[in-house]
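Here is a note on the structure shown below. The points can be checked against the coordinates one at a time.

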Amino acid sequence: MAPTSAVIVTGGASGIGRACAEAIAAQGRAVAVWDLNTDGVLAAAQEIASKHNVSTFGLGIDVTKTAELANAVDASRTAVGPLGGLVHAAGTVRSQSVGDLDDAGWDFVLNVNLRAFPMLVQAMHSDLAAADGAAVVGIASIEGWIGNAAIPAYCASKAGMLGAVRSMADKLGPEGIRVNAICPGFIETPMLGITLDIPGMRNRFEESSVLKRIGQPSEIGEPAAFLLSDKASFITGQSIVIDGGVLATA
């Protein structure tokens, strides 16, 4: 029987998070959409509910404030019903290479991208343990595999997520909770958009892919929804690269 429990999606106001929420809702599952952008997440939740005829809940929240996560989970459960899934797509990046790093930039990137992920799973643990077909997906990055000199904190956070996924899969698997990561390549999102506007960068990213194009958010959202579904019932502890073949020739 396919999971029917609701899913929390962080970073759901735009980009990959929004695409994940859309794909999950298209399966008929209720979605609690979280984002730091309160106006954006409320609009996204309303649009997804109208489009897919499912219950949604939009919540403006800073996921680095871990003391607030339990209350946010409670509010989400009250709004959309029993919770059985999580997609942690909230993410940020700071262009500070080694030599330019400061404590604030380093801490912020790691807190959003990495630390919030296991803390969210911890806050949801009782919900996940009680749900049939419970599953968790972290949105990592190919930068966690290949590195990038300009963004060491981002690379460290995404590499750390891969280790966290394996650890949590080992711990939670006996409880029937699956944990996986998706490692996107270059995807057309607001985060990447700033870089894409630099002359020559779009072509550089396109040429790095064997498919010679940049990916679309839906091409990450659909696999995330699959990993949360019963069709992926024997997949856990994995980090699945979806990059148009960038790593194939790296």
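**Notes on the predicted model**

1. Surface. The accessible surface of the protein is about 11100 Å², and 53% of this belongs to carbon and sulfur atoms. Accessible areas come from the Shrake-Rupley method with a 1.4 Å probe, and for residues only the protein chains shown count as cover.

2. Basis. This is a predicted model, in which local features need pLDDT of at least 70 and side-chain atom pairs count only at pLDDT 80 or more, while totals for chains, interfaces and linings use all residues. Residues are numbered from 1 along each chain as its sequence is written, and side-chain values use heavy atoms, with hydrogens and water left out.

3. Overall fold. The protein has 10 helices and 7 strands; helices (H or I, at least four residues) and strands (E, at least two) are DSSP runs, numbered from the N terminus. The radius of gyration is 17 Å, close to the 18 Å from the globule rule for 250 residues, so the protein is as compact as a globular protein of that length. That radius is taken over C-alpha atoms, and the rule is 2.2 Å times the number of residues to the power 0.38. The C-alpha trace spans about 45 × 35 × 35 Å along its principal axes.

4. Of the 250 residues, 52% count as buried. Buried means under 20% relative accessible area, exposed over 50%, and partly exposed in between (1.4 Å probe, protein chains only). Among contacts with a separation of 6 or more, 72% are between residues 24 or more positions apart; a contact means heavy atoms within 4.5 Å.

5. Largest core. Which residues touch the most other members of the largest nonpolar core? They are Ile-8, Trp-34, Leu-86, Phe-117, Val-121, Val-136 and Val-179, in a core of 39 residues. Elements giving two or more residues to this core include strand S1 (6-10), strand S4 (83-88), helix H4 (103-123) and helix H7 (152-172). The largest share, 7 residues, comes from H7. A nonpolar core is a set of buried Ala, Val, Leu, Ile, Met, Phe, Trp, Tyr and Cys residues joined through side-chain atoms within 4.5 Å. In soluble globular proteins, nonpolar side chains tend to be buried together.

6. Not counting residues up to four places away in sequence, Leu-86 touches several residues, including Ile-8, Phe-117, Val-121, Val-136 and Leu-228.

7. Val-87. This residue is in strand S4 and is buried, at 0% relative accessibility. Beyond four places in sequence, the residues that Val-87 touches include Val-7, Cys-20, Ile-24, Ile-139 and Leu-228. Val-87 and Gln-122 are 35 residues apart along the chain, with their C-alpha atoms separated by 14 Å.

8. Ala-45. Ala-45 is in helix H2 and is buried, with a relative accessible area of 4%. Leaving aside neighbours within four places in sequence, Ala-45 contacts Val-33, Thr-56, Phe-57 and Gly-58.

9. Helix H5. Is Asp-127 buried or exposed? Asp-127, found in helix H5 (residues 125-130), is buried because its relative accessible area is 9%. Not counting residues up to four places away, Asp-127 touches Val-73, Arg-77 and Leu-83. Ala-129, also placed in helix H5, is partly exposed at 37%. With the same exclusion of residues up to four places away, Ala-129 touches Glu-175 and Ile-177.

10. Positive phi. Most residues other than glycine have a negative phi. Asn-53 has a positive phi near 55° and lies in the loop between helix H2 (38-52) and S3; Asn-53 is exposed, with a relative accessible area of 72%. Lys-212 has a positive phi near 60° and sits in the loop between helix H9 (201-208) and helix H10 (218-228); Lys-212 is partly exposed, at 45%.
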